[in-house]
Every structure is written in structure tokens, then in C-alpha cells.
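Dear colleague,

Please read the notes with the coordinates open beside them.

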Amino acid sequence: MTARQHQQRFESSLHEHRRIVFKVAGLYSRSAADRDDLVQEISAQLWRSFGGYDPARAKFSTWMYRIALNVAISQARRERWSESDRFEPLAAHHLETIGGGEPVAEQDERLGALYAFIGRLDELNRALILLYLEDRSYTEMAEILGLSETNVATKISRIKQKLREQMTAAETTGA
Amino acid sequence: MELDEMKQAWARMDLRQEGMEALLRQDFRDRRMDKARSTMRWSLVWQAVEIACWLAFVVFVASFWVEHRHVTHLLVIGLLLHVYGIAGIWSSVTQLFLLSRIYLFDAPVLVLQRRLAQLRRFRMVSTLVLGLPWWFLWLLVPLVALTWASGVDMFAGAAGWIWANMAVGAAGTGFSLWLARRLAGRPIKSPWLQRVVDDMSGCSLARVSRELDEIARFERE
């Protein structure tokens with residue numbers, strides 16, 4: 001395969017799965033500018049690693065999730081280091097990072113609640129919830145994260161429980 | 001609201017991707033992707049060059065102390081530098097190995113994040129182990145170089161002065177560590193200086209340890 005063909009193959013695979021890059025970047029960035037930087041960072045790392053991609057070992061989407069999440073989590077941790085251990089939770093204005101500039105809270109107030117919930121999670125749990133929301137199977141989630149399927153199932157069930165408790169508490173207090 | 005309802009809301013969310021798609025296309029147009037690839041390759045090449053330099057240093061120092069094995073102080077200095085050179089090789093080889101494990105970034109998230117934290121921890125420790133001795137080496141390295149190049153034994157001529165400088169070096173090492181601990185936690189304008197202080201005071205090491213604990217906890221719970 002020539003270098004040009006290799007690049008074309010990468011570009012077409014990236015285009016087909018571009019949503020993964022955008023969703024991951026949106027969930028781990030604090031502003032539209034941060035998100036754009038992260039999109040570039042992730043696509044650059046995907047290109048660097050593309051030569052080593054083996055379809056026999058993993059689906060393209062699994063491979064892509066791994067790289068995108070690894071880049072996003074590493075960047076979030078680097079920023080946390082430079083900001084004295086502060087991992088800023090997602091707030092209302094973060095909705096625009098994933099929506100591409102349009103406030104999406106108006107479209108569905110549930111998304112606002114979802115973001116408030118995700119915002120309180122750390123980087124690793126954020127990855128888990130993203131994969132769940134993206135409707136990935138437990139097997140694929142386990143492959144992407146490096147956990148056992150049982151562990152993934154337990155974690156998801158805990159997150160559901162936590163969410164239920166938070167919603168009940170919010171309803172009780174009238175928030 | 002249940003998580004499943006949120007999943008539906010998430011799926012309905014309309015991503016406005018036009019700007020981001022343009023960003024992806026632009027990356028290729030600007031050839032930034034090729035640049036990204038070569039940067040990574042260069043960091044591995046650089047690490048290999050570093051190993052070659054350390055090897056050359058060890059060979060040179062070994063030949064020095066073998067040649068001067070009958071002069072006690074030159075033998076001791078040569079052996080100390082030999083140990084330092086071996087520590088340098090160990091540090092570079094380990095870093096190259098740790099870098100090669102993260103090179104593609106395609107390992108499962110927990111595996112890669114652990115490897116990254118291990119690499120960071122190793123870099124901090126080796127920077128301290130290889131950096132602090134320069135309070136002494138700034139004098140010992142030129143002393144060996146001078147003896148090798150001109151045959152002049154500086155130590156024999158000015159032993160008192162050299163010992164006095166070694167004492168200053170010992171005090172300097174202690175003072176550096178003390179100062180780093182005093183400054184730790186305070187805001188420092190220069191990011192470079194901030195990093196040095198964090199590394200020397202042990203703050204960075206504590207942070208990496210916390211990261212590794214977080215990963216272990218996430219795996220366990």
C-alpha cells in the first residue's frame with residue numbers, strides 16, 4: 001500500500017467514526033477552544049498509531065475509543081496538575097463544547113441533568129458513562145477500559161444507583 | 001430520571017459537527033499529521049542517542065580509573081563516575097522501554113494510564129537521582145577531564161580546596177531539598193521553576209502516587 005493509499009484509508013476510517021472523536025473531546029473539554037485543541041490532539045495521535053492498527057485484534061471503533069479516551073484523560077490529568085489538582089466539573093456552559101456552540105439545554109432539559117451528573121464524575125468514570133451512553137456492549141467497554149465485563153456491569157449498576165439517589169434527593173429538596 | 005432515559009436524550013442530541021469536521025480536514029491539508037508522527041519518532045531517537053552518550057561516558061570513565069588504579073583518589077573518583085554513568089544508562093534504557101510501551105496509545109485505558117503514571121514517576125525519581133549529584137560532579141568531571149587531557153592531577157595539588165567544595169556541595173544538596181520543601185505549595189510564576197520545586201519537594205511524586213491509587217481503586221471497586 002502506498003503512503004497516499006494509507007492516508008486515504010485512514011481519512012475514510014476517521015470520517016466514518018468521527019463522532020467518537022467529537023463526543024470524547026466534548027466531554028473532556030471546558031470550552032469550544034479546548035475542544036478543538038483536543039479534537040486535533042486526538043486525530044494526530046490516531047494518525048501516529050494507525051500504522052500499528054491490527055483489525056484482527058480489535059474493531060476500529062474499539063481501537064479509536066481507546067486512543068481518544070487515553071489522549072483526553074491524559075490531557076485532563078496534565079491540566080489538573082498545572083491547576084493544583086483541580087479537575088473542573090462540567091457545568092452548564094460545557095454543554096456548548098459538545099453541541100458545537102449551540103446551547104443544547106433548551107433542546108432537552110434532561111441533557112442538563114445528565115451533564116450535571118457527569119460533571120461530578122472523575123476522568124475514569126466519565127469514560128465509563130460515555131461508553132454506556134454511546135450504547136457500547138459490556139464486552140467492548142471492558143476491552144476499551146481494560147476491566148472485566150463483570151466489573152463493568154457492577155460499575156454501571158452503581159452509577160445507576162447513584163443517579164437514582166441524586167434524583168430522589170433533588171426531588172425531595174425541590175431542586 | 002433513569003440512566004436509560006438519559007441515554008435516549010444523549011442519542012437524540014444533535015451534534016453540530018461542521019466546525020470540527022473542517023478542523024480534521026485542515027489537519028491533513030496543513031500536514032500537521034506528518035509532523036506529529038515525526039515528533040514522536042524523534043523523541044525515541046533522542047532517547048537512543050542519550051543511551052549512546054551514556055555508554056561512551058561509562059567506557060571513558062572505566063578506561064580512566066583502570067589507567068589510574070594505583071592512585072587512590074583518582075580510582076575512587078573514577079569509580080563514582082562509573083556508578084553515575086551506569087545509573088544514567090539504567091535511567092535512559094528504562095525510559096526508552098517505558099516510552100515504547102505507550103508509543104501507540106492504543107492500550108486499554110487503565111493499562112495505558114497506569115503506564116503513563118509509572119513513566120512520570122520514574123522520570124521524577126531519575127531526575128532527582130541524576131540531578132542532585134551535580135552539586136559534586138561540577139568539580140569531579142572537570143578534574144577527571146583535566147587529568148585525562150593534560151596529566152595534571154588537580155586533587156593532588158589542591159586537596160583542601162576540593163574537599164571544601166565537596167562540603168559546600170553536601171550543604172547545597174541539603175539546602176536545595178529544604179528550599180524546595182519550603183516553596184512547595186506556593187504559587188510560582190515560572191512553570192519550569194514550579195516543576196523543579198514540585199519534583200524536588202516530592203509533591204509531584206505524591207500526585208503520581210495518588211493517580212496510581214485512583215487507577216487501582218477504579219479497578220478494584
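In chain B, 61% of the contacts with a separation of 6 or more are between residues 24 or more positions apart. Please keep in mind throughout that this is a predicted model.

Chain B contains 10 helices and 0 strands, so that its pattern, read along the sequence, is α-α-α-α-α-α-α-α-α-α. Of the 221 residues in this chain, 20% are buried. Chain A has 9 helices and 0 strands, and its elements run α-α-α-α-α-α-α-α-α from the N terminus on. Here 37% of the 175 residues count as buried, and residues 24 or more positions apart account for 60% of the contacts in chain A with a separation of 6 or more.

I turn next to the helix packing in chain B. Helix α4 of chain B (residues 72-102) and helix α5 of chain B (residues 109-131) have axes that come within 10 Å and cross at roughly 165°, and α4(B) is therefore roughly antiparallel to α5(B). The crossing of α4(B) with α5(B) is left-handed. On the side of α4(B), the contact is made by Ala87(B), Gly88(B), Ser91(B), Thr94(B), Gln95(B), Leu98(B), Leu99(B), Arg101(B) and Ile102(B), while the residues that α5(B) contributes include Leu112(B), Leu116(B), Leu119(B), Phe122(B) and Val129(B). By class, the residues of this contact comprise 10 nonpolar, 6 polar and 3 charged.

The loop between α4 and α5 of chain B holds Phe105(B), which has a positive phi of about 60° although it is not a glycine. Most residues other than glycine have a negative phi, which is the reason for drawing your attention to this one. Phe105(B) counts as buried, because it has 22 C-beta neighbours inside 10 Å and the cut-off for a buried residue is 20 or more.

Helix α4 of chain B also meets helix α6 of chain B (residues 134-150), and the axes of these two come within 11 Å and cross at roughly 120°, which means that α4(B) is oblique to α6(B). This crossing, too, is left-handed. Leu74(B), Ile77(B), Gly78(B) and Leu81(B) in α4(B) meet Leu140(B), Leu143(B), Val144(B) and Thr147(B) in α6(B), and the contact has 6 nonpolar, 2 polar and no charged residues.

Further along chain B, Ser176(B) is placed in helix α8 (residues 159-183). Ser176(B) counts as partly exposed, because it has 17 C-beta neighbours inside 10 Å. Ser176(B) and Val197(B) are 21 residues apart in sequence, and their C-alpha atoms are 9.2 Å apart in space.

As for the nonpolar cores, the largest has 54 residues, and those with the most contacts inside it are Val24(A), Ala25(A), Ile42(A), Ala68(A), Leu69(A), Ala72(A) and Ala127(A). The element that gives the most to this core is helix α4 of chain A (residues 60-82), with 10 residues. If residues up to four places away in sequence are not counted, Leu69(A) touches Val24(A), Ala127(A), Ile144(A) and Val109(B). Another core, of 10 residues, lies apart from the largest one, and among its members are Leu81(B), Leu140(B), Val144(B) and Phe155(B).

Helix α7 of chain A (residues 123-133) is mostly covered, with 10 of its 11 residues buried. Among the buried residues of α7(A) are Glu123(A) and Arg126(A), together with Ala127(A), Leu128(A), Ile129(A) and Tyr132(A). After α7(A) comes Asp135(A), which is placed in the loop between α7 and α8 (138-145) of chain A. The phi of Asp135(A) is near 65°, a positive value in a residue other than glycine. Asp135(A) is exposed, because it has 10 other C-beta atoms within 10 Å and the cut-off for an exposed residue is 12 or fewer.

With best regards

Conventions
Residues are numbered from 1 along each chain as its sequence is written. Chains are lettered from A and ligands numbered from 1 in the order in which they are written. This is a predicted model: local features need pLDDT of at least 70, side-chain atom pairs count only at pLDDT 80 or more; totals for chains, interfaces and linings use all residues. Axes are lines fitted to C-alpha atoms, for helices over the stretch in contact, and angles run from 0 to 180 degrees between N-to-C directions. Helices (H or I, at least four residues) and strands (E, at least two) are DSSP runs, numbered from the N terminus. Angles under 35 degrees count as roughly parallel, over 145 as roughly antiparallel, 65 to 115 as roughly perpendicular and the rest as oblique. A crossing is left-handed if the near helix is turned anticlockwise from the far one by less than a right angle, and right-handed if clockwise. Two residues are in contact if their C-beta atoms, placed from the backbone, lie within 7 Å. Ala, Val, Leu, Ile, Met, Phe, Trp, Tyr, Cys and Pro count as nonpolar, Asp, Glu, Lys and Arg as charged, and the others, Gly among them, as polar. A nonpolar core is a set of buried Ala, Val, Leu, Ile, Met, Phe, Trp, Tyr and Cys residues joined through C-beta atoms within 7 Å.
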